[in-house]
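This briefing is intended for reading alongside the sequence and the 3D view. Please keep both at hand while going through the points below.

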Amino acid sequence: MLRKGFVRFFLGLLTFSLVGFAGVSPASAHMHHHGDMMMQGGPIPFYLMNQDRIGLSKTQVTKLLKLKETFLKTAIMERARIRILHMDIMENMMHHKIDTSAVRKDMDQILAHKRTLMHGYLDMIARAHAVLTAQQFEKVKSLWREMMMMHHEMMMGPHHGHMDHHQ
């Protein structure tokens, strides 16, 4: 039961955190409306916002801020490179005869930059979790569940899912 709960928590956290990957291309500006978790530092802002409830020390807060800052610097650079490559691709595809090898090369570079971004994101989250003690991580999971339940009730209403079995 505990393992099932952890898996559900972790999948929820990943889903919440990975929302940003769909927003890597400039064409998906609508993602910014929903919040780009990746560009906000994944779960780290949630940890920092709840630092008193989790019981983070000043050293832990400093480490988490540094992890977020380091990742965001990488993300800014990788996203800029991706955007430039997108521009080059679009320009190359406006020709009557498209140099497909050049476009493929640029596409492969985009994929490499996205891989760097995703791997960096994974590393940031893994390192952020390592900053927390086991007890603090359990508290984070509890706070996360509370937040998800409140979000669900706000979106669906408090009685959603409570079906009347008297038919």
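Why are E78 and R81 separated by about one helical turn? They are separated by about one turn because E78 and R81 are three residues apart in helix α6. The structure is a predicted model, in which local features need pLDDT of at least 70, side-chain atom pairs count only at pLDDT 80 or more, and totals for chains, interfaces and linings use all residues. Residues are numbered from 1 along each chain as its sequence is written, and side-chain values use heavy atoms, with hydrogens and water left out.

**Confidence**

- The chain has a mean pLDDT of 80, and 71% of its residues reach 70 or more; pLDDT is the predictor's confidence in each residue, from 0 to 100.
- Over residues 18-35, pLDDT stays under 50.
- For residues 18-35 the model has 26 contacts beyond four places in sequence, a contact meaning heavy atoms within 4.5 Å.
- Where pLDDT is low, the predicted coordinates should not be read in detail.

**Overall architecture**

- The secondary structure comprises eight helices and zero strands; helices (H or I, at least four residues) and strands (E, at least two) are DSSP runs, numbered from the N terminus.
- Along the sequence, the chain reads α-α-α-α-α-α-α-α.
- Of the contacts in the chain with a separation of 6 or more, 73% are between residues 24 or more positions apart.
- Of the 167 residues in the chain, 34% are buried; buried means under 20% relative accessible area, exposed over 50%, and partly exposed in between (1.4 Å probe, protein chains only).

**Surface**

- The chain exposes about 11,600 Å², of which carbon and sulfur atoms supply 63%; accessible areas come from the Shrake-Rupley method with a 1.4 Å probe, and for residues only the protein chains shown count as cover.
- M93, I98 and M107 make a nonpolar surface patch of about 250 Å².
- Patches are made of residues with over 30% relative accessible area and no salt bridge, like charges being joined within 9 Å and nonpolar side chains (Val, Leu, Ile, Met, Phe, Trp, Tyr) within 5 Å.
- Within this patch, I98 lies in the loop between α6 (58-92) and α7 (100-131).
- I98 counts as partly exposed because its relative accessible area is 38%.

**Aromatic pairing**

- The structure holds two aromatic pairs; rings of Phe, Tyr and Trp (its six-membered ring) pair if their centres lie within 6.5 Å, and planes under 30 degrees apart count as stacked, over 60 as edge-to-face and the rest as tilted.
- One of the pairs is formed by F46 and W144 in an edge-to-face arrangement, at 5.7 Å centre to centre with 90 degrees between the planes.
- This pair links distant parts of the chain, as F46 is in helix α4 (residues 44-49) and W144 is in helix α8 (residues 134-156), 98 residues apart.
- F46 counts as buried because its relative accessibility is 9%, and W144 counts as buried because its relative accessibility is 3%.

**Surroundings of I54**

- I54 is located in helix α5 (residues 51-54) and is buried, with a relative accessible area of 7%.
- Beyond its neighbours within four places in sequence, I54 is in contact with Y47, Q136, K139, V140 and L143.
- I54 and V140 are 86 residues apart in sequence, whereas their C-alpha atoms are 6.6 Å apart in space.

**Salt bridges**

- Side chains of opposite charge can pair when their charged atoms come close.
- The structure holds five salt bridges, a salt bridge being a side-chain nitrogen of Lys or Arg within 4 Å of a carboxyl oxygen of Asp or Glu.
- E78 pairs with R81, and their closest N and O atoms are 3.0 Å apart.
- E78 is buried at 8% relative accessible area, whereas R81 is partly exposed at 36%.
- E69 forms a salt bridge with K73, the closest N and O atoms lying 3.3 Å apart.
- Both E69 and K73 lie in helix α6, four residues apart, about one turn of the helix.
- E69 is partly exposed, with a relative accessible area of 39%, while K73 is exposed at 51%.
- E138 forms a salt bridge with K141, with 3.1 Å between the closest N and O atoms.
- E138 and K141 both lie in helix α8, three residues apart, about one turn of the helix.
- E138 is partly exposed at 38% relative accessible area, whereas K141 is buried at 3%.
- Elsewhere, salt bridges that share partners join K66, E69 and K73 into one network.
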